[in-house]
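Thanks for coming, everyone. I have one structure to walk through today. Have a look at it first.

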Amino acid sequence: MNIYRSINHNESTIVYQTFYGIFQLFIEHKMVIDMDLCCEFLTIVKTNENEEFLNIHYETVFKLMKSIPINKEILDIYYRFIEQTSSILLYQETRKIFQSDLIEKLANEFYNQLWKHLLNKKDSKQEQIIDWFVDFIMIERKKKNMILLSNDNDEIVMEKINLLKTKKKILTKDKITEQGLQFIQMFIQNTFSKIDDIQTLTSGQLWRALILHNSLSDKDTNEGTLTVGHVVKISQLMENCLSSSSIIALTIIEFISHDITFTTSFWYTILKRNSHSELYLLAIRISFLLMSPTNDYSDKFIELLKTNLSSFNSNIRLLTLRVLSSFIEDKNEKNNVILTCLLCEECPLNVYEFRAKIIHLQKLSVEFILLNKNTSSFHLAMYYLLGILCSNFTPLWSICTELLGSYGNKAIEYIGHTYFWSILNEKFQLVNQHTDIEIVESIDDELINEYLENEVKREYEVNDQSIDYIQYRINLFQILTYFPNECENKTKILLPIIFDFFTNEYFDHLLSLGLFGLSKSSYEIHPTSSKRLSRKFSIKTLETILNLLKQFHHYQQWYEPLRLYQFYVRLLLSSDNSIQQSAYHCLLKCHQIPQSIIQSNFLKHSEELVPLFNPSTCRKTFHELIQGALLEQNLSDDLKNQYAFILIRVVYSKLNAKRSLGSTTRGRKDYFELNRKYLFQFLITFASNHLYKEHFHYFIQLLLEPFHDELFSSNENQWLNIFENKINLKNEEFHLISYEIFIKYIQHSLLLLKTFVSKLGVYIHEKIDYIMKFYILTIKFVDYLTNQKCSSQEETDDFQVKKIRILLKRIRSMSYKGLQILFKLFDNDDKEIFQKDLIDSLWLCCIKQSYLDNLLNKTKQREDIVHMLKLAVIWSNTTYLREAIINDRQDAKDLVKCSMESGVSYYLLLSLPLTKRSVTSFTIDC
């Protein structure tokens, strides 16, 4: 203390922060003994306008007040710097006292000084002071448990309303001074005089005036009493107001809680615009509790609110049920569906009360409702079950899905087929569109936002922000498995939902690209708004879907049966064994479709392929079937083709397997290359046997799938034209990121081709054109994208663009290396296996356009020039290619000339792993 007395009080704030911090430690550890020293310490600074010092001063005195009896001296010390303190800082610091238990110890003098200074401060605005009064009232109401909440039961609501009426004298003259009382009365009177002004309602001014009015004593509110005329005007204003703001709902609640009543017709009009708003439902629920509604409106309210029963917000379900139960005269009726749902919703959702909840849910079973002749309420029970299905409580899912499944079997006739499916479809669409839904109303008013945060979340319950939409959709598909016959007639509804999931959300997007032809018109594939799921949830969802689809038997009832058949065939290429097996069983159900390769005579042999989908028996089964069944003389060609149809797709799917084939454990390394070399050996059977040439051709189509339209679905001479049309980038803003999916698509094919060409090179004479064209198209594709300038928006996303550009370089390198492998394979082959037109295209795309035009400008990367020169060296050593590509072309001489002028050709050639003789031969021949 002696040191503190001796310091210069004009020193920096850090000095005071240090001493005040030490003093706070004394207070916290109850080491304050001498109050005189405390007072001296806190008053030794006479004046200071620094905000940091003022903050620590109020904080320190607040802590001291909590540990000692409060007297006038302490209050004087607290308000010691009140003249230097801004009104905002003063209220913010004092508000902490209001929120603490200390408020019970404070004398009226403490409040008097606060409000007196706030009212007289020059920097205080009228709106701010009103907000501080209202905030003070809300703090008091919260401490006394007077805030009306959505999950309050009837008894608690009545208790809180009684408290609001009897303990409303929060603002007394003794606390807020005569000046404060007059200030509030003037605000209330001014607001009530403009009660028919829409701005007064929507700005929250009327809500504030009502709270202040209801917090004054009766003798202080005589001048601003609400009249019948006021109520009539505000009722008409609310009915005609098109706004659905929460501020209006809060205003209505404030009216209701102080004996202002509204008619049932008024509520129906309001609810038609705000049927999904929790606050409006709370207002109606309180109103109907205080005064029962007119029974004439019962059916209208049920029709208006029935969809709320399936809401993902538990409070909306609860409030809706309480509103609808208000129309039921006998509240003890045991078999009423609405009352049963209400009892179920009121039952806490936890492991202790779960049994009681199950008992209520069992009363919603089809048998129980039929027994009590409540068939007209089936749709209400269905809505409610779909609502609680979203709860974050796993044991509840099975009972709900089972009950809803029984509705599809037995209650659909009472609900109506069209109505039943419209309810389910609405939920499926809600899952798909949940990212586009505006979940929370945006309110700029901080005071109202703080009031809305009073609601406490119930255990295990969810709201629109926290619901697991993925699991909810899985549960919906699980429900459908209980009535597959009905679902089979509604594939027109279900298949778009299934295909949309597979296209936009399934984790393996390359699997869906080839099925739905997303790259048919353009190589741009814009990412969807919905994020792709993880592998775990993708497979879990698709397994549930396939469990439903494999129960379909009559293809005549299917919507687009051929498309569904192609979907099953595509899923045989999946990398997941369980998906493959389910798709295989679904495919067997398609044997009656005219276009199906799988026929009825294959069904008795179908079990022989099932071990393929078991990692431990996969390798053995491949060997038995490909080396056995496909070469079996006793089997008909038709059956062999059906075997091959399945096997060729399963072989392709295993090319990406990380585990060793024939093992159930991952091991210490990835087995990509080993698995591929092993599987490609089996392809020799397909390539060397004329019976399976069509399947071998299909396998090559899978490898070259990114450019399927260019290579296989058009005239052979049009492949470059189709490519040019699809990649036409003129007059369009270029977005490199939109090509990312297709780039990865190409990379996947190149990785497979690398091993395929080197392993089966001698068997691909007839397919060499397709593979060369693929490499050429890849090089052209990369060149097009590399030469484009990104949009201004993408330039800011520099990291993502750089990753893609690095990947493009890698792909171009892989393409040139692939061409080198092809030419080396046929280096000593005297047959003219390379067509002249293809060689012309190769020269044009890979050399002339990519090299000659850019060599002098040095726009090409060194790595690209190296790959092109490697090709040239290989051509020079092959008689046929040397004549076709180099000797007969004037362009080749230009190449040599440009290379020598640029001074790069000689040095690059020396860097290649070739003999001196090869380099010399190349130079002389050129």
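Let me start with a definition. Buried means under 20% relative accessible area, exposed means over 50%, and partly exposed is in between, with a 1.4 Å probe and protein chains only. Next, the ground rules. This is a predicted model, where local features need pLDDT of at least 70, side-chain atom pairs count only at pLDDT 80 or more, and totals for chains, interfaces and linings use all residues. Residues are numbered from 1 along each chain as its sequence is written, and side-chain values use heavy atoms, with hydrogens and water left out.

Now the overall picture. The protein chain has 48 helices and zero strands. Helices (H or I, at least four residues) and strands (E, at least two) are DSSP runs, numbered from the N terminus. Of the 926 residues, 55% count as buried. Contact here means heavy atoms within 4.5 Å. Take contacts between residues at least 6 apart in sequence: 75% of them join residues at least 24 apart.

On to the aromatics. How many aromatic pairs does a search of the whole structure find? The search finds 63. Rings of Phe, Tyr and Trp (its six-membered ring) pair if their centres lie within 6.5 Å; planes under 30 degrees apart are stacked, over 60 edge-to-face, and the rest tilted.

Look at Tyr-268 and Phe-301. Their ring centres are 5.7 Å apart and their planes sit at 55 degrees, so this pair is tilted. Tyr-268 is in helix H15 (residues 264–274) and Phe-301 is in helix H17 (residues 298–305), so the pair ties together parts 33 residues apart in sequence. Both Tyr-268 and Phe-301 are buried.

Stay with H15. Its buried residues include Phe-266, Trp-267 and Leu-271. The buried residues of H15 pack against helix H13 (228–240), helix H14 (246–256), helix H16 (278–290) and H17.

A second pair: Phe-742 and Tyr-745. This one is edge-to-face, with 5.9 Å centre to centre and 80 degrees between the planes. Both residues lie in helix H39 (residues 740–760), three residues apart, about one turn of the helix. Phe-742 has 0% relative accessibility, so it counts as buried. Tyr-745, at 4%, is buried too.

There is also an aromatic cluster. Among its members are Tyr-58, Tyr-91, Trp-115 and Phe-136.

Next, a helix pair. Two packed helices are described by the angle between their axes and the distance between the axes. Axes are lines fitted to C-alpha atoms, for helices over the stretch in contact, and angles run from 0 to 180 degrees between N-to-C directions. Helix H30 (residues 535–549) and helix H32 (residues 577–588) have axes that come within 9 Å and cross at roughly 15 degrees. H30 and H32 are therefore roughly parallel; the cut-offs are under 35 degrees for roughly parallel, over 145 for roughly antiparallel, 65 to 115 for roughly perpendicular, and oblique for the rest. Who makes the contact? H30 brings residues including Ile-539 and Leu-542, and H32 brings residues including Ile-579 and Ala-583.

Most residues other than glycine have a negative phi. Lys-373 has a positive phi of about 55 degrees, and it is not a glycine. Lys-373 sits in the loop between helix H21 (366–371) and helix H22 (378–388). At 73% relative accessibility, Lys-373 counts as exposed. Glu-560 also has a positive phi, near 55 degrees. Its place is in the loop between H30 and helix H31 (561–571). Glu-560 is partly exposed, at 35%.
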